[in-house]
Amino acid sequence: MNHLKDILNIFSHLNLSRSWNLVLLRVSFYYGKIVKRPIHFGQPFTLSIEPTTACNLACPECPSGLKQFTRPTGKLNLELHDKMLQQVHKSVFYINYYFQGEPFLNPKFLSFIRQAKQYNIYTATSTNAHFIDQKKAEEIVASGLDRLIISIDGLTQETYQNYRVNGKLEKVIAASNFLIKAKKQAKSNTPFLIFQLLAVAPNEHEIPEIFQLGKSLGIDEVRIKTAQLYDYQNGNPLMPKNEKYARYKQQKDGTYKLKYKTGNHCWRMWSGSVLTWDGKVVPCCFDKDAQHILGSLETASFQEIWGNTNYQAMRGTILTKRNEIDICKNCSEGAKVWA
């Protein structure tokens with residue numbers, strides 16, 4: 001029932017112009033696939049906006065936690081965020097306030113949510129939940145945030161810290177209880193709370209129990225997400241033994257390859273975009289270090305960037321030789337999330 005309410009909540013942010021834009025996007029996407037040219041009508045309906053690149057943890061497959069970015073670390077400010085919303089709100093009705101970093105390290109984070117709600121936009125984010133106490137939980141509920149993904153990658157501290165290095169499982173559990181309590185006090189259906197476990201070898205034996213924990217606490221949904229591994233061809237100690245939970249499969253020669261067919265297409269290049277904390281526009285969430293900058297809001301509007309030659313060239317390459325693009329070679333477009 002809660003899942004249905006969340007879906008209905010998403011669709012409640014549609015209006016006539018946003019709905020027509022969705023039709024235009026779908027038609028141009030399929031037409032472009034047929035003719036192998038970057039035909040593109042409409043504007044994105046979804047965005048990822050990066051509140052910050054900073055993170056308090058040091059997860060082994062995360063460039064943010066490992067401090068491996070070549071781009072600068074910083075925090076989105078309210079002025080730039082408002083500029084973003086003014087330029088995209090006619091078509092965009094879903095914003096994921098997450099790209100890299102821990103969103104709640106930006107003290108203005110909930111102000112971003114309140115600004116977006118003024119434009120009737122569905123808002124979501126993902127957190128390691130280390131900065132949510134009872135007061136913050138009440139503020140989150142009051143902000144209007146629609147969806148909150150809580151990363152919980154283990155059911156014991158030993159298992160959890162195998163991936164969430166420097167993290168404390170007890171903080172995640174406490175934050176979850178604070179949020180559930182705050183929702184009940186406010187008689188609110190939002191945020192829709194999701195436990196997400198990133199399936200890796202150290203925690204795969206606990207996967208059945210994460211569903212039990214979520215149910216016992218009152219979490220709305222539990223998801224098992226497959227992990228993107230940078231070094232996987234010859235195996236990786238983090239790769240789950242159960243191939244069901246892995247993005248990769250072993251070949252006859254003992255090496256591994258991505259088990260999902262990619263093909264020369266990508267709906268993300270038609271449907272959405274990613275805005276970094278300093279206003280750079282990159283194609284998708286797999287460009288974590290922003291190596292494929294398609295434009296900057298410092299020098300052009302989003303609409304200009306969305307249709308510029310750089311963006312169209314990227315779409316054209318996607319339609320003809322996608323596997324030659326570095327960020328596409330390990331892409332999970334079509335990869336499963338188990339619920």
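Modeller: What follows is a set of questions about the terms used for this structure, which is a predicted model.

Biologist: Let us begin with helices α3 and α4; why is α3 called roughly parallel to α4?

Modeller: The axes of α3, which covers residues 78–88, and α4, which covers residues 109–118, come within 10 Å and cross at roughly 25°. Angles under 35 degrees count as roughly parallel, and that makes α3 roughly parallel to α4. The crossing in which α3 passes α4 is right-handed.

Biologist: Which residues in α3 meet which residues in α4?

Modeller: On the α3 side they are L78, H81, D82 and L85, and on the α4 side they are S111, F112, Q115 and A116. Sorted by class, this contact of α3 with α4 has four nonpolar residues, three polar ones and one charged one.

Biologist: What makes α5 and α7 oblique to each other?

Modeller: The axes of α5 and α7 come within 8 Å and cross at roughly 50°. Roughly parallel needs an angle under 35 degrees and roughly perpendicular begins at 65, and α5 and α7 are therefore oblique to each other. As for handedness, α5 passes α7 in a right-handed crossing.

Biologist: Which residues bring α5 and α7 into contact?

Modeller: From α5 come Q134, A137, E138, I140 and V141, and these meet F178, L179, K181, A182, K183, Q185 and A186 in α7. Divided by class, the residues of this contact of α5 with α7 are seven nonpolar, two polar and three charged.

Biologist: Turning to the aromatic rings, how many aromatic pairs are there?

Modeller: The count comes to 11 aromatic pairs, where the ring centres must lie within 6.5 Å.

Biologist: What makes Y97 and F109 an aromatic pair, and what makes that pair edge-to-face?

Modeller: The rings of Y97 and F109 are 6.3 Å apart, centre to centre, with 85° between their planes.

Biologist: How do you know whether Y97 and F109 are buried or exposed?

Modeller: Buried means under 20% relative accessible area. Y97 has 0% relative accessibility and so counts as buried, and F109, with a relative accessible area of 1%, is buried as well.

Biologist: Why is the pair of W306 and Y311 given its name?

Modeller: The ring centres of W306 and Y311 are 5.1 Å apart and their planes are at 70°, so this pair is edge-to-face. W306 has a relative accessible area of 3% and is therefore buried, and Y311, at 0%, is buried too.

Biologist: Which residues form one aromatic cluster?

Modeller: That cluster is formed by F29, Y30, F45, F93, W267 and W270.

Biologist: In the backbone, what makes phi of A129 and phi of A290 worth a remark?

Modeller: Phi of A129 is near 65°, which is a positive value in a residue other than glycine, and phi of A290, near 50°, is likewise positive in a residue that is not glycine. A129 is placed in the loop between β3 (122–127) and α5 (134–143), while A290 is placed in the loop between β10 (280–282) and β11 (295–296). With a relative accessible area of 2%, A129 is buried, and A290, at 11% relative accessibility, counts as buried.

Biologist: Where is there a cis peptide bond?

Modeller: The cis peptide bond joins T190 and P191, with omega about 0°. P191 is found in the loop between α7 (169–186) and β5 (192–199).

Biologist: Finally, why is S48 called buried, and why is M239?

Modeller: The cut-off for buried is under 20% relative accessible area. S48, in strand β1 (residues 46–49), has a value of 14% and is therefore buried. M239, in the loop between β6 (221–226) and β7 (248–250), has 8% relative accessibility and so counts as buried. Leaving aside neighbours within four places in sequence, S48 is in contact with N96, Y98, S273, V274 and L275, and M239 touches A201, L229, Y232, A246, Y248 and Y256.

How values were computed. Residues numbered from 1 in each chain as written. Predicted model: local features only at pLDDT ≥ 70, side-chain atom pairs only at ≥ 80, totals over all residues. Heavy atoms only, no water. Axes fitted to C-alpha atoms, helices over the stretch in contact; angles between N-to-C directions. Helix = DSSP H or I, 4+ residues; strand = E, 2+ residues; numbered from the N terminus. Parallel < 35°, antiparallel > 145°, perpendicular 65-115°, else oblique. Left-handed = near helix turned anticlockwise from the far one by under 90°. Contact = heavy atoms within 4.5 Å. Nonpolar A, V, L, I, M, F, W, Y, C, P; charged D, E, K, R; others polar. Phe/Tyr/Trp six-rings, centres within 6.5 Å; stacked < 30°, edge-to-face > 60°. Buried < 20%, exposed > 50% of the residue type's maximum accessible area, 1.4 Å probe, protein only.
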